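Trainee: I would like to learn how to read the architecture of a model such as this one, beginning with a whole chain and ending with a sheet.

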Amino acid sequence: MKDLFVVAIVVMIFIIIFQIAKASEYVSVLKGEEKSRKQNNKINGFLLICFLVLGLTGAWYCNELYFGKTLFPQGSASVEGEKIDLMLYITFGVTGTVFIITQVLLFWFAFKYQEKEGKKAFYFPHNTKLELLWTTVPAIFLTVLVVFGLKYWFKMTGDAPKNAVVVEITGHQFAWDMRYPGKDGKLGKKNFKLYNQPSGNTLAVDFEDPESWDDLHTTDMHLPVGRPVKLVINAMDVIHDVGLSHFRMKMDAVPGIPTTMWFTPKYTTEEMKVRTGNPNFVYEISCDQMCGKGHFSMRGVIVVESEADYNKWLASQKPEYFTLFPNKDPEKQNQATDSASIANKPIAQLMPSN
Amino acid sequence: MSTMSLQETAHHEGHADAHGEHHHHETFITKYVFSQDHKTIAKQFLVTGIIWAIIGGFFSVIFRLQLGDPNATYPWLEDLLGHWAKGGKLQPEFYYALVTMHGTILVFFVLTAGLSGTFANFLIPLQIGARDMASPMLNMLSYWFFFLASVIMMSSLFVQTGPASGGWTIYPPLSALGEASLGSKIGMDLWLVSMAMFIVSSLLGGLNYITTILNMRTKGMSMTRMPLTIWSLFFTAVLGVLSFPVLLSGAILLLFDRNLGTSFYLSDIVVAGKILPNEGGSAILFQHLFWFLGHPEVYIILLPAMGMSSEILSVNSRKPIFGYMAMVGSLFAITILAFLVWAHHMFVTGLNPFLGSVFVLLTLLIAVPSAIKVFNWLTTLWRGNIRFTPAMLFAIGFVSLFISGGLTGIFLGNSALDIHLHDTYFVIAHFHIVMGVASFFGMFAGVYHWYPKMFGRYLNNTLAYIHFWITIVGAYLIFWPMHYEGLAGMPRRYYDFSNWESFKMFGGLNEFISFVALIVFAVQILFVINFFYSIWKGRKVTTQNPWEANTLEWTAPIRPGHGNWPGEIPEVYRWPYDYAKDGKDFIPQNVPVGADESKH
C-alpha cells in the first residue's frame, strides 16, 4: 500500500512537471519565440555562473567533510607508503590548480560571452603560439610527475631487502591463509594437485619437501614493526587481490602465477589505535579483485607488534606438518602413537617417504 | 529503393529526380524494420540504446539501494526479482550480476552501439554529402546483429542461474568456472555469444563508416573540410575495427576454456574442493587481450562525444572551432596512443615493473592531446556570442566533466599511485565522470542538437533545461564524494561494507549518493518521455536550418527522404566553421567563396 502511494506521488510529480513544460512552450509561442529564447539564454547564463560558485564551494565543503575520513591525515602505516602520500599531494597540487583554472575559465567565458544584442563574435580560428604553449606546459608538468612516479615505482617493485620477513598469503573463495617459513627461513614447495581437504592440506603443500616441515599455517598475519616484510602471494581458485590500504599496498593473487610485494610496517596496531583515535582499529586485508559472491566478506587481519611479541607469537604456533602428521611430532612421539588418526589420512601420497 | 539504384543516382546526378517519392515501393517492413536508409538505422540504434540505457540505469538504482542501506528490505523487490531478492533483500550473487550487467550494458550497448551507431549512421552521409552509406545492406545487418546481441544478452537475464556476474571485464578463472560462481554457468556463455554478435555488428558498422568517409564525400569536401564530428567518428571506427577483433578472439578462447577443456587461461586451480586438470595457461593473458580492446573502447565511447561537442560549441558560440588542425591532430594522437596504454589497467597484476613504466609514460602522454582539446574548447568560447540551447549546455557540461574526470586519470595512470587507488571507489569516480557521464553528455548534446533533423520536431525546451541542470548537479553529487571513499581505500564491487572497520564510516555518504542517484535516474525518465512524446507531438521545425549552422545536413529538406537531397548533392567550397567571418554571422559550406572574402 505504501509502495503504491509512493508510485502514485512520483507519477503525479511527473505529470505536473510535464504539464508545466508543455504550458511554457505555449507561453513562449505567445510571447514570441525569439524573445523567450533570449530570456532563457539570460537565465541559463546566470545559472552557469551560479553552478561554478556553488560547485567550487561544494568541492571545498566536501573536502572539509571527508578528507578527515581518508587515510591521509593519519599518515601511511608503512615507510614506503609515505612516498605514495607525498606523490599524491604533489599530484593534488598540480591537478587541483589546472582544475580550478580550467573550470573557472569554462563557466566564466560561458557567462561573460553569452549572446547579446548587436554583439559580434570574434573570428579567431587558430593561433600557433597559443597552441604550442598549451602543448608544452602540460608536457613539462607531466614529465615531472612521470619521473617522480617511476622513481618510486621502481623502488617499490624492486627486490625486497635481504633481512625481510617472508610470509606467504594465499587467497581462496572467500578467505586468506598465511604460511610462515619457520626456522629454516624457507617455504616448502607446493603443488596444487596435492590439495586435500579431508586431510587438512588445504594449501596443497608438498610435505615430501623437508623445507615444509617447520612451516606454520595461520589465518591471521602477524608482523614485527620496523622490519621489511615480503609477501609471496598465491591464489587457489580465481584471481584475488591483497589490498592493504593502510600500508598503501596492493597486489593481485593469481592462480598459477605467484606474485610478491614488500613494505615496512611503521606503527604497531596499538600505536595505530592511538594515532587514529579509534580503539577498534585493526589492519585489514581487503580482497580488491572481484572473486565471486563472497568477495565483499573476504577479510583478513594483520597484527603489527613489537619484535619481541612477534617472536613470542611465532613460538606459540605449531608447524602444520605436525598437526597433519601427529606421529612425526617430536613432542608426541614419546606418547603412544595414535594410529587411528593416521588411518584417517586417506591419501598415501601425502605421507612423507622417509 | 535498392542499393544499385541508389548508387546510380549518386553517380548520375542528372537522374537525381528519379529519386522522387513516387519511385519508392516501400512497405512498412522495408521502411521501418528492415530499412536500408541510414537515417532510419540511426533511429533504430538510438531507440534500442535508450531502452538499454533505461534497463542499465535501473539496475544501478537497485544496487545503489543495497549500498545505500544494506539492512533495508524492499518487498516489491521480491515481487520483481523472485528468489534473487529473498525477503525483499538483494542476494549477493544477484548484486554482482546487476553490477556486471550495468557495466556491460552501459559500456557496449548504450555508449558504443547507442552512441556511435546512432550518430555515425545519422551524420556521416548527411555531413559529408552522400546519399547513404557505402553499403546500406551491411549497415542494416550491423543493426540486426546488434539486435540479435541484445536479444541474447536480454535472455541471459532470465536463465535460472542468472546472468554473468564476474564484472564487465569477465576476468577468468572466475568467468571460466561454473563452480566458482552461479553467473559463470550458462549466463556467461550467453554473455560471450552475445558479445560475439555485438562485435560482428560493430565491425560491419565500422568498415562501412570508414569506407563511406574515405570514398563518398561530395565534390569539394576534402578531408580537411570535414566537420570534427566526422573526424571523430572516423577515428572511432578505426579504433573499433582494429581492437574489437582482439576481444572476439579473447572471448572465443574463453568459450573454449569453458566448454572444450582447453587451458588458455587456466592453470593450477582448485575450485570448490575440486582439483582441475588444467595446466600451463595464464589468467593474465586474458587481461591483455581484454584491455587491448578495453582501453581503446574508452576512446570509442569518448571520441564521438568530443566530436559532437566540438561542433555544437562552435555553432552556438557563433565562432569557428579554435585550432581545427590541432583538434584533428589530437584526435589522431589519442587514437594511436589508445592502442599503447592498455596495461595501465594491470599495474597490480604482477606485471614486469619495466613494462609497467613504459605504460606509465605512454598513458600520461595522452594528457597532452587531451589538454590541447580542453584549451581549444575554452578558446572557442572566448569572445563568442553564446546561445545556451540545451545541446550547448550539455556540450559545456561535457567539457567540465571531461576536465574533472581527465585530471583524476593523472593519478591513476601513475603506477606508484595506482597501487593505492587501483580497484577503489576512486577508479569508479574517475571513469564514471570521464567516460560514463561525459559521454552521456556528449550523446545528450547530440540528441538535442540533431533531433530536429531526425524527426522534424523539437524536444520540449523546459524539460530539456530541467534535464540538464538536475543531471549535471546530480552527477557531481554522486561521483565527486566517491573520490574520498577511494582515497580511504574503499574497494569496488562490495555488496556491504558494514563489517569493515576501515570502510564502515562511509555509510551515511553511501546513503546520500544512492538518494541522489534515484533522483537523477527519475530525471532521465523525464528525458525519455520528452523524447518519445516529441516525436509525434513536439513543436514542428519550420526552417531548414534552425541552429544557423554551416554543415551540410542543414541544407537537406526538413524531413529528408531516402537519398537525403531531392536534387543534386550540394557542392562544398569551404570548411564548416566560417562563423563570424567578415562580419557575417555564418556562411554554410555550400556557399562559394566570394572574390572579396578574406582568407583564414
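**Reading two chains**

Mentor: Chain B has 18 helices and four strands, where helices (H or I, at least four residues) and strands (E, at least two) are DSSP runs numbered from the N terminus. This is a predicted model, in which local features need pLDDT of at least 70 and side-chain atom pairs count only at pLDDT 80 or more, while totals for chains, interfaces and linings use all residues. Residues are numbered from 1 along each chain as its sequence is written, and chains are lettered from A and ligands numbered from 1 in the order in which they are written.

Trainee: What radius of gyration does chain B have, and what would a compact globule have?

Mentor: The radius is taken over C-alpha atoms, and the globule rule is 2.2 Å times the number of residues to the power 0.38. For 600 residues the rule gives a value near 25 Å, and the 24 Å of chain B agrees with that.

Trainee: In what order do the five strands of the open sheet in chain A stand?

Mentor: Strands of a sheet pair through backbone hydrogen bonds, either parallel or antiparallel. Here the order is β4-β10-β9-β6-β7 in chain A, with mixed pairing, two strands counting as paired if DSSP finds at least two bridges between them. β4 (221-224) and β7 (249-253) of chain A each have a single partner strand, so one side of each is left without a neighbour in the sheet.

Trainee: In which sense do β4(A) and β10 of chain A pair?

Mentor: They pair in the parallel sense over four bridges, β10 of chain A being residues 299-305, and A:Leu223 stands opposite A:Val304 in β10(A).
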